[in-house]
Amino acid sequence: MLFVLFNSQALAIEVMVSIKPLHSLTATIMSGVGEPQLIVDGAVSPHHFQLKPSHIRDLNRSDLVIYIDPRFEHFLVNSLKTIPSKVSQLRLTSKLSLPLLERRSHRDWEKRGEGHHHEHNQPKIHGHHHDHNDEFPDFHFWLDPKYAINVAKEITAQLSLLDPDNIAIYKKNYSRLVTALDGLNQDLTAQLDGLQNRHFVVLHDAYQYFESAYKLSSVGTVLLDPALPPSASQMKYIRERMNAAKVVCVFQEPQYSKRVIQTVTENLPVKISQIDPIGAGIPSGEAHYFSLMKSLSKAVADCLKAQ
């Protein structure tokens, strides 16, 4: 999707964005005005990222910082407390109108796969249940294009507030982005159609919004905490889950050692494929979000269809 570039005489505001998918949406909205700066670049996972002194200097000089939540981008916690008051912060979890989902527990995974169309396959809304794991919600909402539209709306509103001279450009770019995201959603829906009852396991629980959007059926995760290796009991448990749920595919991620997936799938009749919720290997920029989602959808579809 090509976006028309606009010329602006106003000095562009300085915007910093935490991760590539959010940066991509921001870059599209700012097209013709300026270029946002990406914080987590390269192949590193945000779960293991650490700020450099240059990042801290840039944060202090910026006009706006866009991020998901300090509980997700742990590397921002201290800096967000000490940056100058003149720096605006857009914490997306406090702005989204769409509901955040709960993180899944063992019992939630076990319920999945007990029936293809039963209500227990529906995701839980964070804060709506008494038995929920509510320390914090699932933060990977960008993997649903509907949530990406919601994110883009909030970014557009914040940019327009801080830079009113360029409101017309931001709104026009936002409108074109929404059209493109709607088209993307339709394409992914068609690509994943008919795969709703094929069970799979993920490396870490980052794909719930994607699964919910396209009614896919993951039944377990290898890592309970993406920052920690799995215990022996978790490895035993997930192997039992794969057998019980007749899993056909297991997805690894490029930021993690392949040894864990190789060990947990040893001698099991499953296919191994690779996906990445951040798109670390995809160049940053306006096209990143669309490339990420298309790559994710194709990898999932190819692996599930192969069985």
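Residues are numbered from 1 along each chain as its sequence is written, and side-chain values use heavy atoms, with hydrogens and water left out. Because the model is predicted, local features need pLDDT of at least 70 and side-chain atom pairs count only at pLDDT 80 or more, while totals for chains, interfaces and linings use all residues.

Q: What makes Asp 69 count as buried?
A: Buried means under 20% relative accessible area, exposed means over 50%, and partly exposed lies in between (1.4 Å probe, protein chains only). Asp 69 has a relative accessible area of 0%, and is therefore buried.

Q: Why is Arg 71 called partly exposed?
A: The relative accessibility of Arg 71 is 34%, so Arg 71 counts as partly exposed.

Q: Which residues are linked with Asp 69 in a network of salt bridges?
A: The network links Asp 69 with Arg 71 and Arg 91.

Q: How do you know that Arg 104 and Glu 211 form a salt bridge?
A: Their closest N and O atoms are 2.8 Å apart, and the limit is 4 Å.

Q: What makes this pair a link between distant parts of the chain?
A: Arg 104 is in the loop between strand E4 (88–91) and helix H4 (106–111), whereas Glu 211 is in helix H7 (residues 208–214), 107 residues apart. Helices (H or I, at least four residues) and strands (E, at least two) are DSSP runs, numbered from the N terminus.

Q: Why are both partners called buried?
A: Arg 104 has a relative accessible area of 12% and Glu 211 has 2%; the cut-off is under 20%, so both names apply.

Q: Where do Asp 302 and Lys 298, another salt-bridge pair, lie?
A: Both lie in helix H10 (residues 288–305), 4 residues apart, about one turn of the helix.

Q: Are Asp 302 and Lys 298 buried or partly exposed?
A: Asp 302, at 38% relative accessibility, counts as partly exposed, and so does Lys 298, at 46%.

Q: How many salt bridges are found in the whole structure?
A: The search finds 8.

Technical notes
Salt bridge = Lys/Arg side-chain N within 4 Å of Asp/Glu carboxyl O.
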